[in-house]
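Subject: Handover of a structure, with notes

Dear colleague,

I am passing on the structure below, together with my notes on some of its strands, salt bridges and a pocket. Please read the notes with the structure open beside them.

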Amino acid sequence: MRYVVVGLHAAGRSACLWLRKVDKTAEVIGLDPSPLPIYSRPLISYVLAGEMTSRDMVVAGDGFWQERGITVLGDRAVALDPARGGLQLASGRSLAYDRLLLACGARPRPVNLEGPMAEQVCFFRGRRDLERILGRVRPGGAAAVLGGGLVGFKLTMGFLKRGMRVALIVTSPRPLSLNVDAHVGNWVGERLKNTPGVTLLTSTSVRRVEAGSAAALRLDLDTGQSLEVDIVAAGKGVIPETGWLSGSGLECDYGVVADQFLRTEDERVYVAGDLAQAPDLIHGDRRVNAIWPVAVEQGRVAALNMAGIKATYGGSMAMNAIPVFGSKMISVGVVNPSLTKGCDEITTQGAGSGYLKLVFREERLIGAVGLDAPPRLGELAFAIRRRLRRRDIPSWWLDNPKQAAPLAAPGGFLARNARLT
């Protein structure tokens, strides 16, 4: 049996480990055009902030693959022929497989700006993007960040740590508008406005990028203003890498469509990670949730099914936890106001115990957003997965949510555990 895994980051690396674990004699081949060693992409923001080195990002060093008997090819897949069970590689060679996992991820969403210097906009997806940005950092200079999501926030904090002034340009009325509710988004916005060195421009977009006179670049905004900066970096989401699969016959929508076993239309081809349009736990349809823990779990489930061990994927959901101005911010499930119309909400803000909003649809918990709230991300995610009912939360607990036990406990033990407070 020959397993081929295309892409060796979160989903692909997880799949390789599980394939080797459950099939110790099979041939496992990993394919990735990026130079080794494999690293953790989410950590690039810590390197930009100077909180760790590039070496600290490594999660699979030189001996990692050899010790597990996994062959790694530094090549890129450019075409797939499921009927023949083969890949065409950029080097010109062909690679046959018995089972194939597509885990080649996503690329940054383009910003589509006009102007002769538009190509100078940097993105923040991987190690090469990080190196490009670090090469343009100018302590004492000015940076512009396009996008008010989590990546834009991390870019802003990173440039500040490098001694630059930052203009954070957000199309929405507030930062983090897709990640948290209005209360937490406005809280973050106020602190950004009061942070020395940060200029927050909301409801604003960049139109053109020209050569600057006092700095390298000039940004023309839709408000009529102009900014001169040394570097521009964008963080506006990602797009699954499906282009090379045209003509393969696989069903591609936003990503590659997969069933509950993470199998594509072809029974020998599976998909995981940022490329997978797989069952969504809350919406009930198939969506791409491009986050690290989802990719790792999908890699595990896909590998088991590839090896003939039936495993059903329970569905993904959005989840994030990051430090924000000394506070712990978490969001999980559906909290975007545009997606929660008609839902019931409970907001609790006990003295000294932070802010927590729980979102319910038809009495079941579907989302939560917290700021210095006691429940941890995993506990809230577990509560959503087990479809916690609103009536199972004691009303007295919401007045003083000192811990997550009421949310994390199995239903039958809910009240008893809640009294641990």
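The notes below take the sheets, then the salt bridges, then the cysteines and a pocket.

Please keep in mind throughout that this is a predicted model.

Sheets

An open sheet of five strands runs in the order β11-β18-β12-β13-β14, and its pairing is parallel. The edges are taken by β11 (122–123) and β14 (198–201), each of which has a single partner strand, so one side of each is left without a neighbour in the sheet. For β11 the pairing is with strand β18 (residues 231–234), in the parallel sense and over two bridges; C122 has A233 in β18 as its bridge partner.

An open sheet of three strands has the order β20-β22-β23, and here the pairing is mixed. The pairing of β20 with strand β22 (residues 276–279) is parallel and extends over two bridges, and within it V256 has A276 in β22 as its bridge partner.

The strand β27 (residues 355–361) deserves a paragraph of its own. Six of its seven residues are buried, so β27 is largely enclosed by the rest of the structure. With strand β26 (residues 344–348), β27 pairs in the antiparallel sense over five bridges, and T347 stands opposite K357 in β27. With β28, β27 again pairs in the antiparallel sense, over seven bridges, and Y355 stands opposite L371 in β28. The strands β27 and β28 form a hairpin with two residues between them, and E362 in the turn has a positive phi of about 50°.

Salt bridges

A search of the whole structure finds 17 salt bridges, and I describe some of them here.

One of them joins E345 and K357, whose closest N and O atoms are 3.5 Å apart. This pair links distant parts of the chain, since E345 lies in strand β26 and K357 in strand β27, twelve residues apart. E345 is partly exposed, with a relative accessible area of 39%, whereas K357, at 13% relative accessibility, counts as buried because the cut-off for that class is under 20%.

K161 forms a salt bridge with E51, with the closest N and O atoms 2.6 Å apart. This pair, too, links distant parts of the chain: K161 belongs to helix α5 (residues 150–161), E51 lies in the loop between α2 (44–48) and β4 (58–60), and 110 residues separate them. With a relative accessibility of 53%, K161 counts as exposed, while E51, at 47%, counts as partly exposed.

The side chains of D220 and R218 also meet in a salt bridge, at 3.0 Å from N to O. D220 is buried, its relative accessible area being 16%, and R218 is partly exposed, with a relative accessible area of 26%. Elsewhere, E114, R208 and E210 are linked in a network of salt bridges.

Cysteines

How many disulfides does a search of the whole structure find? The search finds zero. Two cysteines can be described by their accessibility: C122, the residue that pairs with A233, is buried at 0% relative accessibility, and C343 is buried with a relative accessible area of 15%.

By residue class, the lining of the second largest pocket divides into five nonpolar, no polar and five charged residues.

With kind regards

Note on methods
Residues are numbered from 1 along each chain as its sequence is written. This is a predicted model: local features need pLDDT of at least 70, side-chain atom pairs count only at pLDDT 80 or more; totals for chains, interfaces and linings use all residues. Side-chain values use heavy atoms; hydrogens and water are left out. Ala, Val, Leu, Ile, Met, Phe, Trp, Tyr, Cys and Pro count as nonpolar, Asp, Glu, Lys and Arg as charged, and the others, Gly among them, as polar. A disulfide is a pair of cysteine sulfur atoms within 2.5 Å. Buried means under 20% relative accessible area, exposed over 50%, partly exposed in between (1.4 Å probe, protein chains only). Two strands pair if DSSP finds at least two bridges between them. Helices (H or I, at least four residues) and strands (E, at least two) are DSSP runs, numbered from the N terminus. A salt bridge is a side-chain nitrogen of Lys or Arg within 4 Å of a carboxyl oxygen of Asp or Glu.
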